[in-house]
Amino acid sequence: MARKKQAIPSYLLHKSSGQARVRCDGRDILLGQYGTEASRIRYGEIIAKIASGQQVDPMAKPKRGTSSTIEADQGPSVNEIVLAFWKHAEQHYLKRGKETSEISCFRSCLRILRQFYGMTPAKNFGPLALKAVRASMVAGDPHATDSEGKPCPRKPWARGNINIMIGRIRRVFKYAVECEMIDVGVLNSLQAVQPLLAGRTAAVDHPRRHAVEQDKIEIVKAKVRPLVQDLIDLQTLTGARSGELLGLTTGMIDRSGETWKAVLADHKCAHHGQGRMIPFGPKAQLILAKYLQADQSKRLFNMTRTAYCRAITRACDEAEITRWSPHWLRHTFATRTREQLGIEAIQSILGHTTTDMTRHYSSQMETLAMKTAQQVG
(Lines give C-alpha, C1' and ligand atoms only; values in the text may rest on other atoms or scores of the structure.)
Protein backbone atom coordinates (compact mmCIF):
# COMPACT_ATOMS: atom_id res chain seq x y z
CA MET A 1 0.00 0.00 0.00
CA ALA A 2 1.39 3.44 -0.95
CA ARG A 3 2.14 5.94 1.79
CA LYS A 4 -0.34 8.75 2.36
CA LYS A 5 0.86 12.08 1.01
CA GLN A 6 0.85 13.69 4.46
CA ALA A 7 2.93 10.88 6.02
CA ILE A 8 6.26 11.89 7.56
CA PRO A 9 9.21 9.96 6.03
CA SER A 10 11.19 7.85 8.49
CA TYR A 11 14.78 8.17 9.64
CA LEU A 12 16.47 5.22 7.91
CA LEU A 13 19.85 3.56 7.45
CA HIS A 14 21.67 3.74 4.10
CA LYS A 15 23.36 0.34 4.40
CA SER A 16 26.03 0.73 1.74
CA SER A 17 27.45 3.93 3.24
CA GLY A 18 26.47 3.62 6.91
CA GLN A 19 24.81 7.02 6.75
CA ALA A 20 21.34 7.99 7.84
CA ARG A 21 18.89 8.77 5.07
CA VAL A 22 15.40 10.15 4.55
CA ARG A 23 13.40 9.55 1.37
CA CYS A 24 11.76 12.62 -0.16
CA ASP A 25 9.99 12.80 -3.54
CA GLY A 26 11.43 9.44 -4.53
CA ARG A 27 15.01 10.39 -3.72
CA ASP A 28 17.21 9.54 -0.74
CA ILE A 29 18.81 12.45 1.12
CA LEU A 30 21.88 11.46 3.12
CA LEU A 31 22.07 13.01 6.58
CA GLY A 32 25.48 11.99 7.90
CA GLN A 33 26.65 9.11 10.08
CA TYR A 34 23.66 7.02 11.19
CA GLY A 35 22.61 7.52 14.82
CA THR A 36 24.63 10.69 15.41
CA GLU A 37 23.26 13.91 16.85
CA ALA A 38 24.13 15.81 13.68
CA SER A 39 22.16 13.40 11.46
CA ARG A 40 19.13 13.57 13.77
CA ILE A 41 19.15 17.36 13.71
CA ARG A 42 19.46 17.38 9.92
CA TYR A 43 16.53 14.95 9.75
CA GLY A 44 14.48 17.34 11.87
CA GLU A 45 15.25 20.24 9.53
CA ILE A 46 14.03 18.27 6.53
CA ILE A 47 10.77 16.96 8.00
CA ALA A 48 10.00 20.47 9.27
CA LYS A 49 10.12 21.69 5.68
CA ILE A 50 8.04 18.77 4.43
CA ALA A 51 5.38 19.39 7.07
CA SER A 52 5.14 23.07 6.14
CA GLY A 53 4.85 22.34 2.42
CA GLN A 54 8.26 23.75 1.50
CA GLN A 55 10.46 22.29 -1.22
CA VAL A 56 13.39 20.21 0.01
CA ASP A 57 16.67 20.68 -1.80
CA PRO A 58 18.66 17.44 -1.41
CA MET A 59 21.89 19.35 -2.13
CA ALA A 60 21.25 22.13 0.40
CA LYS A 61 23.70 22.44 3.25
CA PRO A 62 22.46 22.19 6.84
CA LYS A 63 21.83 25.35 8.82
CA ARG A 64 24.88 26.81 10.50
CA GLY A 65 25.16 25.55 14.07
CA THR A 66 22.44 22.92 13.77
CA SER A 67 24.11 19.97 12.05
CA SER A 68 27.68 19.07 11.26
CA THR A 69 28.95 22.45 12.49
CA ILE A 70 27.38 22.31 15.95
CA GLU A 71 28.55 25.08 18.26
CA ALA A 72 30.37 24.11 21.44
CA ASP A 73 27.52 25.24 23.72
CA GLN A 74 24.06 25.02 22.20
CA GLY A 75 22.27 24.89 25.53
CA PRO A 76 19.95 22.08 26.63
CA SER A 77 18.57 19.72 24.01
CA VAL A 78 14.90 18.91 23.62
CA ASN A 79 15.60 15.61 25.39
CA GLU A 80 17.04 17.49 28.36
CA ILE A 81 14.09 19.82 28.83
CA VAL A 82 11.71 16.86 28.42
CA LEU A 83 13.60 15.02 31.17
CA ALA A 84 13.39 18.06 33.46
CA PHE A 85 9.67 18.40 32.80
CA TRP A 86 9.11 14.68 33.37
CA LYS A 87 10.62 14.85 36.86
CA HIS A 88 8.21 17.71 37.58
CA ALA A 89 5.23 15.89 36.03
CA GLU A 90 5.75 12.77 38.12
CA GLN A 91 5.21 14.90 41.23
CA HIS A 92 2.65 17.36 39.88
CA TYR A 93 0.22 15.01 38.11
CA LEU A 94 -0.63 12.89 41.13
CA LYS A 95 -3.91 12.45 42.92
CA ARG A 96 -3.95 10.55 46.20
CA GLY A 97 -0.57 9.09 45.38
CA LYS A 98 -1.60 7.79 41.94
CA GLU A 99 -0.69 9.12 38.51
CA THR A 100 -3.46 10.97 36.70
CA SER A 101 -4.30 10.35 33.05
CA GLU A 102 -2.17 13.39 32.11
CA ILE A 103 0.97 11.29 32.56
CA SER A 104 0.00 8.84 29.83
CA CYS A 105 -1.09 11.71 27.56
CA PHE A 106 2.28 13.43 27.96
CA ARG A 107 4.04 10.13 27.39
CA SER A 108 2.29 9.74 24.01
CA CYS A 109 3.03 13.20 22.61
CA LEU A 110 6.56 13.45 24.00
CA ARG A 111 7.47 10.12 22.42
CA ILE A 112 6.89 11.72 19.00
CA LEU A 113 8.68 14.93 19.96
CA ARG A 114 11.75 13.04 21.09
CA GLN A 115 11.69 10.72 18.08
CA PHE A 116 12.04 13.64 15.67
CA TYR A 117 13.78 16.34 17.70
CA GLY A 118 15.21 14.80 20.86
CA MET A 119 18.79 15.76 20.00
CA THR A 120 17.94 19.20 18.65
CA PRO A 121 19.01 22.15 20.82
CA ALA A 122 15.79 23.36 22.45
CA LYS A 123 16.54 26.95 21.42
CA ASN A 124 16.38 25.84 17.77
CA PHE A 125 12.97 24.17 18.10
CA GLY A 126 10.60 26.53 16.30
CA PRO A 127 7.16 26.67 14.67
CA LEU A 128 8.15 24.55 11.66
CA ALA A 129 9.47 21.83 13.92
CA LEU A 130 6.27 21.88 15.99
CA LYS A 131 4.22 21.61 12.79
CA ALA A 132 6.33 18.63 11.72
CA VAL A 133 5.54 16.87 15.00
CA ARG A 134 1.88 17.69 14.48
CA ALA A 135 1.96 16.35 10.91
CA SER A 136 3.17 13.02 12.27
CA MET A 137 0.20 12.96 14.65
CA VAL A 138 -2.14 13.61 11.72
CA ALA A 139 -0.59 10.90 9.54
CA GLY A 140 0.10 8.22 12.14
CA ASP A 141 3.04 5.87 11.81
CA PRO A 142 2.63 2.17 10.95
CA HIS A 143 6.36 1.65 11.59
CA ALA A 144 6.51 3.26 15.05
CA THR A 145 8.31 1.45 17.88
CA ASP A 146 8.15 1.70 21.65
CA SER A 147 10.99 2.62 24.04
CA GLU A 148 12.35 -0.92 23.76
CA GLY A 149 12.37 -0.90 19.96
CA LYS A 150 9.36 -3.21 19.63
CA PRO A 151 6.80 -2.52 16.87
CA CYS A 152 4.08 -0.19 18.14
CA PRO A 153 2.07 1.09 15.13
CA ARG A 154 0.41 4.45 15.76
CA LYS A 155 -2.91 5.28 14.13
CA PRO A 156 -3.74 8.84 13.03
CA TRP A 157 -4.99 10.95 15.92
CA ALA A 158 -8.19 12.99 15.89
CA ARG A 159 -8.00 16.73 15.27
CA GLY A 160 -9.21 17.80 18.71
CA ASN A 161 -6.79 15.46 20.44
CA ILE A 162 -3.91 16.73 18.30
CA ASN A 163 -4.63 20.34 19.28
CA ILE A 164 -4.59 19.33 22.95
CA MET A 165 -1.35 17.37 22.51
CA ILE A 166 0.37 20.32 20.86
CA GLY A 167 -0.70 22.39 23.86
CA ARG A 168 0.98 19.83 26.12
CA ILE A 169 4.22 20.11 24.15
CA ARG A 170 4.08 23.90 24.58
CA ARG A 171 3.65 23.28 28.31
CA VAL A 172 7.00 21.46 28.34
CA PHE A 173 8.70 24.50 26.81
CA LYS A 174 6.83 26.79 29.19
CA TYR A 175 8.25 24.81 32.10
CA ALA A 176 11.73 25.10 30.58
CA VAL A 177 11.27 28.90 30.45
CA GLU A 178 10.07 28.86 34.06
CA CYS A 179 13.25 27.02 35.06
CA GLU A 180 15.38 29.41 32.96
CA MET A 181 16.61 26.58 30.77
CA ILE A 182 15.64 28.40 27.56
CA ASP A 183 14.72 31.93 26.54
CA VAL A 184 11.06 32.98 26.55
CA GLY A 185 11.38 33.79 22.84
CA VAL A 186 11.36 30.06 22.05
CA LEU A 187 7.99 29.65 23.74
CA ASN A 188 6.61 32.80 22.11
CA SER A 189 7.51 31.51 18.66
CA LEU A 190 5.67 28.21 19.33
CA GLN A 191 2.53 30.18 20.19
CA ALA A 192 2.40 31.28 16.55
CA VAL A 193 1.31 27.79 15.43
CA GLN A 194 -2.45 27.97 15.00
CA PRO A 195 -4.71 25.04 15.98
CA LEU A 196 -6.08 22.71 13.32
CA LEU A 197 -9.54 23.83 12.24
CA ALA A 198 -12.47 21.57 11.43
CA GLY A 199 -12.83 20.91 7.70
CA ARG A 200 -9.49 22.55 6.88
CA THR A 201 -7.09 19.73 7.66
CA ALA A 202 -6.47 16.10 6.80
CA ALA A 203 -6.90 15.21 10.47
CA VAL A 204 -9.98 13.14 11.25
CA ASP A 205 -12.75 14.41 13.50
CA HIS A 206 -14.49 12.12 15.96
CA PRO A 207 -18.26 12.59 16.20
CA ARG A 208 -19.32 15.04 18.91
CA ARG A 209 -20.66 13.53 22.09
CA HIS A 210 -24.40 13.75 22.42
CA ALA A 211 -27.31 12.03 24.12
CA VAL A 212 -27.62 8.34 23.27
CA GLU A 213 -30.99 7.19 21.97
CA GLN A 214 -32.73 4.78 24.34
CA ASP A 215 -33.01 2.07 21.70
CA LYS A 216 -29.21 2.09 21.24
CA ILE A 217 -28.74 1.88 24.99
CA GLU A 218 -31.01 -1.17 25.11
CA ILE A 219 -29.17 -2.82 22.20
CA VAL A 220 -25.88 -2.53 24.07
CA LYS A 221 -27.35 -3.65 27.39
CA ALA A 222 -28.56 -6.84 25.73
CA LYS A 223 -24.97 -7.72 24.77
CA VAL A 224 -23.12 -6.99 28.03
CA ARG A 225 -22.99 -8.70 31.40
CA PRO A 226 -25.22 -7.61 34.34
CA LEU A 227 -22.52 -5.50 36.01
CA VAL A 228 -22.12 -3.35 32.89
CA GLN A 229 -25.90 -3.15 32.51
CA ASP A 230 -26.20 -1.79 36.04
CA LEU A 231 -23.42 0.75 35.50
CA ILE A 232 -25.14 1.98 32.34
CA ASP A 233 -28.41 2.37 34.23
CA LEU A 234 -26.68 4.17 37.12
CA GLN A 235 -25.03 6.66 34.78
CA THR A 236 -28.32 7.26 32.99
CA LEU A 237 -30.08 7.88 36.32
CA THR A 238 -27.42 10.03 37.99
CA GLY A 239 -25.33 11.69 35.25
CA ALA A 240 -22.19 10.72 37.18
CA ARG A 241 -18.87 10.17 35.45
CA SER A 242 -17.91 6.51 35.10
CA GLY A 243 -14.79 7.02 37.22
CA GLU A 244 -16.88 8.53 40.01
CA LEU A 245 -19.17 5.49 40.13
CA LEU A 246 -16.35 2.96 39.84
CA GLY A 247 -14.57 4.59 42.77
CA LEU A 248 -17.54 4.29 45.15
CA THR A 249 -17.30 2.30 48.36
CA THR A 250 -20.09 1.40 50.78
CA GLY A 251 -18.64 3.77 53.37
CA MET A 252 -18.88 6.73 50.97
CA ILE A 253 -22.66 6.43 50.60
CA ASP A 254 -24.82 8.24 53.17
CA ARG A 255 -28.04 6.21 53.35
CA SER A 256 -29.59 8.08 56.30
CA GLY A 257 -32.06 10.12 54.24
CA GLU A 258 -34.78 9.44 51.71
CA THR A 259 -32.25 10.28 49.00
CA TRP A 260 -28.86 8.65 49.36
CA LYS A 261 -25.75 10.66 48.58
CA ALA A 262 -22.01 10.24 48.16
CA VAL A 263 -19.65 13.15 48.82
CA LEU A 264 -16.48 12.71 46.77
CA ALA A 265 -13.14 13.91 48.08
CA ASP A 266 -11.39 12.70 44.92
CA HIS A 267 -12.93 13.90 41.67
CA LYS A 268 -12.07 15.68 38.43
CA CYS A 269 -12.18 19.25 39.79
CA ALA A 270 -11.02 18.58 43.36
CA HIS A 271 -7.72 20.42 42.73
CA HIS A 272 -9.75 23.58 41.97
CA GLY A 273 -11.34 23.41 45.41
CA GLN A 274 -14.73 22.45 43.97
CA GLY A 275 -16.90 19.99 45.89
CA ARG A 276 -18.76 17.07 44.33
CA MET A 277 -21.81 15.25 45.63
CA ILE A 278 -23.73 12.52 43.81
CA PRO A 279 -27.33 11.99 44.94
CA PHE A 280 -29.12 8.67 44.36
CA GLY A 281 -32.88 8.49 43.94
CA PRO A 282 -35.10 5.41 44.46
CA LYS A 283 -34.23 3.70 41.15
CA ALA A 284 -30.50 4.20 41.62
CA GLN A 285 -30.75 2.93 45.20
CA LEU A 286 -32.18 -0.38 44.02
CA ILE A 287 -29.12 -0.90 41.84
CA LEU A 288 -26.62 0.16 44.50
CA ALA A 289 -28.22 -2.08 47.10
CA LYS A 290 -27.09 -5.14 45.12
CA TYR A 291 -23.44 -4.17 45.47
CA LEU A 292 -23.15 -2.89 49.06
CA GLN A 293 -20.26 -4.56 50.89
CA ALA A 294 -19.70 -5.53 54.51
CA ASP A 295 -16.22 -4.05 54.12
CA GLN A 296 -16.94 -0.31 54.11
CA SER A 297 -13.72 0.50 52.24
CA LYS A 298 -14.12 -2.05 49.42
CA ARG A 299 -15.17 -0.74 46.02
CA LEU A 300 -18.70 -1.61 44.94
CA PHE A 301 -17.86 -2.38 41.33
CA ASN A 302 -14.96 -4.64 40.38
CA MET A 303 -14.17 -3.03 37.02
CA THR A 304 -11.83 -0.43 35.57
CA ARG A 305 -12.88 2.54 33.44
CA THR A 306 -11.02 1.09 30.46
CA ALA A 307 -12.78 -2.28 30.75
CA TYR A 308 -16.15 -0.59 31.16
CA CYS A 309 -15.64 1.57 28.07
CA ARG A 310 -14.31 -1.37 26.06
CA ALA A 311 -17.35 -3.49 26.94
CA ILE A 312 -19.67 -0.82 25.56
CA THR A 313 -17.73 -0.07 22.38
CA ARG A 314 -17.29 -3.77 21.66
CA ALA A 315 -21.06 -4.26 22.01
CA CYS A 316 -21.65 -1.34 19.63
CA ASP A 317 -19.34 -2.96 17.06
CA GLU A 318 -21.08 -6.33 17.41
CA ALA A 319 -24.47 -4.69 16.93
CA GLU A 320 -23.08 -2.65 13.99
CA ILE A 321 -24.26 0.65 15.45
CA THR A 322 -22.34 3.91 15.89
CA ARG A 323 -19.96 3.68 18.80
CA TRP A 324 -20.75 5.53 22.00
CA SER A 325 -18.84 5.56 25.28
CA PRO A 326 -19.85 5.81 28.95
CA HIS A 327 -19.40 9.59 29.04
CA TRP A 328 -22.13 9.97 26.43
CA LEU A 329 -24.58 8.80 29.11
CA ARG A 330 -23.79 12.01 31.01
CA HIS A 331 -25.06 13.94 28.00
CA THR A 332 -28.11 11.67 27.89
CA PHE A 333 -28.90 12.45 31.52
CA ALA A 334 -28.38 16.20 30.99
CA THR A 335 -30.67 16.28 27.95
CA ARG A 336 -33.50 14.44 29.71
CA THR A 337 -33.16 16.43 32.93
CA ARG A 338 -33.18 19.78 31.17
CA GLU A 339 -36.34 18.86 29.32
CA GLN A 340 -38.05 17.88 32.59
CA LEU A 341 -36.62 20.25 35.21
CA GLY A 342 -34.58 22.98 33.50
CA ILE A 343 -30.96 24.11 33.33
CA GLU A 344 -30.54 24.78 37.07
CA ALA A 345 -31.30 21.15 37.87
CA ILE A 346 -28.51 20.05 35.52
CA GLN A 347 -26.01 22.44 37.10
CA SER A 348 -26.87 21.24 40.58
CA ILE A 349 -26.56 17.53 39.94
CA LEU A 350 -23.68 17.46 37.43
CA GLY A 351 -21.53 19.89 39.40
CA HIS A 352 -20.97 22.17 36.39
CA THR A 353 -20.68 25.69 37.85
CA THR A 354 -18.50 28.73 37.35
CA THR A 355 -17.18 30.62 40.38
CA ASP A 356 -20.01 33.16 40.16
CA MET A 357 -22.63 30.42 39.86
CA THR A 358 -21.14 28.61 42.85
CA ARG A 359 -21.56 31.73 44.99
CA HIS A 360 -25.08 32.34 43.71
CA TYR A 361 -26.30 28.79 44.27
CA SER A 362 -24.18 27.89 47.30
CA SER A 363 -27.13 27.72 49.68
CA GLN A 364 -29.48 26.01 47.23
CA MET A 365 -27.42 23.64 45.09
CA GLU A 366 -27.44 20.55 47.32
CA THR A 367 -31.16 20.83 48.06
CA LEU A 368 -31.93 21.21 44.36
CA ALA A 369 -29.67 18.27 43.48
CA MET A 370 -31.41 16.04 46.07
CA LYS A 371 -34.85 16.98 44.72
CA THR A 372 -33.69 16.30 41.18
CA ALA A 373 -32.41 12.86 42.08
CA GLN A 374 -35.66 12.04 43.91
CA GLN A 375 -37.68 12.82 40.78
CA VAL A 376 -35.32 11.57 38.07
CA GLY A 377 -33.12 8.83 39.53
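Tutor: Keep in mind that this is a predicted model. Let's begin with the sheet: an open one of 3 strands, in the order β1-β2-β3, paired antiparallel.

Student: Which strands stand at the edges?

Tutor: That would be β1 (12-14) and β3. Each has a single partner strand, so one side of each has no neighbour in the sheet. Going from one strand to the next, the twist averages 45°.

Student: Over how many bridges do β2 and β3 pair?

Tutor: Over 6 bridges, in the antiparallel sense.

Student: On to helices. How do I describe two that pack together?

Tutor: Packed helices are described by the angle between their axes and the distance between those axes.

Student: Which residues in α3 and α5 meet?

Tutor: From α3 you have Glu102, Cys105, Phe106, Ser108, Cys109, Leu110 and Leu113, and from α5 Met165, Arg168, Ile169, Arg171, Val172 and Phe173. Sorted by class, the contact of α3 with α5 has 9 nonpolar, 1 polar and 3 charged residues.

Student: What about α8 and α11: at what angle do their axes cross?

Tutor: Roughly 95°, with the axes of helix α8 (residues 226-238) and α11 coming within 11 Å. That makes α8 roughly perpendicular to α11. Here Val228, Leu231, Ile232 and Gln235 of α8 meet Tyr308, Ala311 and Ile312 of α11. The contact of α8 with α11 divides into 6 nonpolar, 1 polar and no charged residues.

Student: And how should I think about the nonpolar residues?

Tutor: In soluble globular proteins, nonpolar side chains tend to be buried together. In this model the largest nonpolar core has 51 residues, and those with the most contacts inside it are Leu110, Tyr117, Phe125, Met137, Ile169 and Phe173. Elements giving two or more residues to this core include β2 (19-24), β3 (27-33), α1 (37-51) and α2 (78-92). Apart from it lies another core, of 36 residues, with Ala240, Leu300, Phe301 and Cys316 among them.

Student: Which residues does methionine 137 touch, leaving out those up to four places away in sequence?

Tutor: Cys109, Ile112, Arg154, Pro156, Trp157, Ile162, Met165, Ile166 and Ile169.

Student: Now loops. Is glycine 118 buried or exposed?

Tutor: Buried: under 20% relative accessible area is the cut-off, and glycine 118 has 3%. Glycine 118 sits in the loop between α3 and α4. Leaving out residues up to four places away in sequence, glycine 118 touches Ser77, Val78, Asn79 and Leu113. Check sequence against space, too: glycine 118 and arginine 40 are 78 residues apart in sequence, and 8.2 Å apart in space, C-alpha to C-alpha.

Methods: Residues are numbered from 1 along each chain as its sequence is written. This is a predicted model: local features need pLDDT of at least 70, side-chain atom pairs count only at pLDDT 80 or more; totals for chains, interfaces and linings use all residues. Side-chain values use heavy atoms; hydrogens and water are left out. Contact means heavy atoms within 4.5 Å. Helices (H or I, at least four residues) and strands (E, at least two) are DSSP runs, numbered from the N terminus. Ala, Val, Leu, Ile, Met, Phe, Trp, Tyr, Cys and Pro count as nonpolar, Asp, Glu, Lys and Arg as charged, and the others, Gly among them, as polar. A nonpolar core is a set of buried Ala, Val, Leu, Ile, Met, Phe, Trp, Tyr and Cys residues joined through side-chain atoms within 4.5 Å. Buried means under 20% relative accessible area, exposed over 50%, partly exposed in between (1.4 Å probe, protein chains only). Two strands pair if DSSP finds at least two bridges between them. Axes are lines fitted to C-alpha atoms, for helices over the stretch in contact, and angles run from 0 to 180 degrees between N-to-C directions. Angles under 35 degrees count as roughly parallel, over 145 as roughly antiparallel, 65 to 115 as roughly perpendicular and the rest as oblique.
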